[in-house]
Amino acid sequence: MATEFPNQARVVIVGGGVMGVGLAYHLGHEGWGAETVLLEKAELTSGSTWHAAGQITHSTSSFGLGKCVDYNIGLYSGGLEAETGQPVTWHGCGSFRLAYTEDEMDWLRHTLSVGRSLGFNIELVGPEEIAKLHPFYNLDGVLGALHTPDDGHVDPTNVTMAMAAGARQKGVHIIRQCRATNITQLPSGEWQVETEKGTITCEHVVNAGGTYARQMGEWSGLQLPMTSMTHHYFVTEPVPEFEALDTELPVIRDDKKVSGYIRMEQKRGLIGIYEKENPNSVWHDHCPWDYENWLFDADYDRVMPYLEESLNRMPIFAELGIQREVHGAISHPPDGNPLIGPAPGVRNYWCCCGTQIGIGWGPGLTRELARWMVHGAADISMRDYDPRRFGSYATKDWQVIKAEEDYCLRHEIPFPHFNRLAGRPIKPSPLHELLHAKGAVHEEVYGFERPRFFAKGIAQQDHYSFNRTPVDDMVANEVRAVRDRVGIMDVTAFTKVLVSGPDAYALLDRLTANRMPQKTGSITLTHMLSRGGRIELETTIVRMADDKFYLVCAAFFEQRLLDHLTHQKADEDVTITSLSSDWSALSLNGPRARDVLAACTDADLSNAGFRWLSAQQITVASHEIWAFRMSYAGELGWEFHMPNAACLDVYSALWAAGAPHGIADYGSFAMNAMRMEKGFKGAGELTNEVTLAEADVLRFARTDKNYLGRDATLDPNLRWICAYLEIAPDGKADGHGGEAVLLDGKVVGSTASVAYGPTVGKILAFAYLKPDAAKPGTALEVIIHGAPRPAKVLGAPAYDPESLLPRTDSIKEAAE
């Protein structure tokens with residue numbers, strides 16, 4: 001008997017691949033199963049899922065993604081089949097990731113430390129150990145490998161069908177052979193999903209459209225950046241040497257020679273290749289609606305150099321024919337990370353798409369999305385996956401350029417701070433060309449070009465390594481200039497939002513944990529929270545007038561801030577305006593900052609005339625600009641915010657006035673080193689995973705006011721605490737975040753941010769630790785590059801612990 005087509009649901013998921021089905025499964029486990037409908041235009045898995053190779057590995061340097069893959073492997077290796085009774089076909093053969101160079105070995109050492117912090121079964125082994133478990137692989141030139149014995153591969157269709165069975169058991173209604181044709185938002189805020197079989201009205205809609213996701217977003221006026229890239233794998237004829245094996249060989253990930261992976265496929269060989277040049281993107285406008293179980297003809301010319309090398313590495317394949325060619329399309333967002341979370345600018349439209357490794361990443365990420373939808377926050381940091389990390393600059397042409405770049409980087413070393421250069425600049429500041437001519441190496445943040453550092457005497461480029469590089473010396477010089485003299489930085493990339501109107505104060509007061517600025521010209525640092533008390537974002541609020549507030553936060557939180565304000569606004573009379581693209585900003589810091597600014601303005605810059613944490617309109621270079629007396633560097637300093645047309649003139653005036661004082665340009669790397677020296681927490685610590693108490697920033701929260709998430713963030717039951725550490729340097733490697741932290745030989749947490757503090761000569765870190773391990777003075781160890789380093793919990797900032805320097809009233813006072 002056919003089930004009646006529903007016309008109402010709480011959630012409608014559009015797309016029946018591993019991502020859509022995975023979300024349905026996890027919404028069922030979070031209690032929304034009976035209110036969820038999943039629509040699939042053909043059969044489940046008939047898009048990109050069915051032709052996936054199905055591998056999954058613990059070898060990841062991402063702490064959050066590591067949590068996901070560990071969950072996925074547990075699900076595939078027994079939990080899902082035991083729950084649903086459906087076969088999953090798990091092959092727990094383990095895997096090796098090979099290294100041929102010291103840079104690759106350093107990558108594996110860092111990954112090993114991240115794996116230790118997550119409790120993975122993971123080890124670094126030499127060629128002899130690799131040969132014991134995989135005697136057929138040509139190990140010429142191999143220095144070592146990361147061995148992850150619990151890895152394996154799974155049948156993509158079986159695992160998706162098993163999750164579908166689990167979703168149905170929880171009440172999810174799955175409708176196949178039902179193509180959605182439109183998604184629109186009603187005046188009530190509900191979503192209307194039109195299909196070939198009828199129309200469903202729902203509270204939440206989820207785009208899990210895979211290669212269709214971008215064009216589905218266009219139905220609702222959304223720009224969801226991703227491009228379909230085609231990827232090959234090949235299955236050989238039966239391999240005689242495999243016939244006598246009692247156990248399956250480990251998967252080999254050979255990033256350098258093969259640019260892909262090699263494994264057994266029953267008694268055959270399977271070779272997967274991500275070529276590093278001439279990538280193939282398809283369907284720049286629209287994926288054909290009849291794309292079902294579709295494969296492209298193999299393009300041997302494109303992959304032949306890597307295919308030939310794979311036969312060199314596996315000589316037992318050399319005389320065999322190719323029995324099956326798989327050349328299918330997979331979605332690639334511009335930076336390679338999936339789009340998991342709220343779509344920008346609308347309420348209750350969720351993205352579950354853009355996933356290039358659906359089997360490896362999907363279930364864990366869909367579990368987090370289900371938690372986000374049901375409870376208001378995920379349990380891992382979602383910053384890298386939040387669809388709102390892109391803005392309107394992400395045009396279709398740009399998306400293709402970046403997706404092709406990402407594809408070619410798929411099997412390259414993920415160096416710290418790797419700078420992806422394709423398609424740039426896209427949003428240069430008014431100073432971009434000037435600073436570039438002065439040696440600036442820029443990075444892209446939310447489309448903006450921001451200086452990283454200024455090259456002096458060497459090639460104007462990034463230097464990539466897991467160890468220290470010449471860039472560290474340049475950064476130290478920039479820090480020294482700010483600490484000893486005065487430095488200036490282009491901080492135009494900051495998010496800049498104006499909230500105005502009769503009810504502006506009331507709206508912001510109920511969304512912020514700290515006391516709102518009471519007087520015109522006052523400044524407050526505060527946090528906005530989810531309803532569950534987790535941190536949405538940190539922002540500085542400047543009161544420009546009784547009914548006008550200027551908010552500044554990290555660049556990548558712009559749309560998140562705009563959406564939070566808009567979605568939480570009830571009937572308040574408030575106007576919310578983004579000034580990020582129309583206004584520029586500069587930061588001036590250092591003991592000579594007052595002297596420099598005094599030469600450019602008639603404003604009274606003394607403590608009495610311009611107090612710490614206050615704002616004024618002043619005139620510089622004939623432009624009226626806003627000056628905020630505040631400092632992320634922990635020095636005497638100001639930020640200047642102004643329309644773009646004023647920026648070059650103001651910068652030039654400050655630079656000329658600073659010349660007698662030895663003014664220097666500095667970039668984000670120096671800014672980060674200085675904030676670590678001052679013990680200022682940043683976006684790496686203040687995530688959706690934690691409450692204010694867990695982040696140890698309760699001093700910025702009030703107990704005498706009501707605000708969104710108040711009771712939950714004040715909960716005294718802490719899972720972990722963000723501790724401030726000093727780590728012994730070795731002059732070679734400093735760490736990069738995610739490293740395991742040990743107390744008495746046992747893992748008690750992991751680092752969030754790590755940087756060398758050149759002023760204090762120490763490696764400094766923030767780490768989330770078990771509460772007993774986070775007490776000041778506690779002796780710890782941090783695993784950096786595979787070796788333990790002594791560390792200690794600090795109870796105060798390593799630099800200027802009493803914060804006297806930013807408040808100084810004169811150079812003499814600063815010197816004393």
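**A tryptophan and its surroundings**

Reply: Trp289 is partly exposed, with a relative accessible area of 29%; buried means under 20%, exposed over 50%, and partly exposed in between, using a 1.4 Å probe and protein chains only. The model is predicted, so local features need pLDDT of at least 70, side-chain atom pairs count only at pLDDT 80 or more, and totals for chains, interfaces and linings use all residues. Residues are numbered from 1 along each chain as its sequence is written, and side-chain values use heavy atoms, with hydrogens and water left out.

The structure holds 31 aromatic pairs. Rings of Phe, Tyr and Trp (its six-membered ring) pair if their centres lie within 6.5 Å; planes under 30 degrees apart count as stacked, over 60 as edge-to-face and the rest as tilted. The pair of Trp219 and Trp289 is stacked because the ring centres are 5.8 Å apart and the planes lie at 20°. This pair links distant parts of the chain, 70 residues apart: Trp219 is in helix α6 (residues 213–219), and Trp289 is in the loop between β17 (281–282) and α7 (300–313). Helices (H or I, at least four residues) and strands (E, at least two) are DSSP runs, numbered from the N terminus. Trp219 is also partly exposed, at a relative accessible area of 22%.

Both tryptophans belong to one aromatic cluster, together with Tyr212, Trp283, Tyr291, Trp294 and Phe296.
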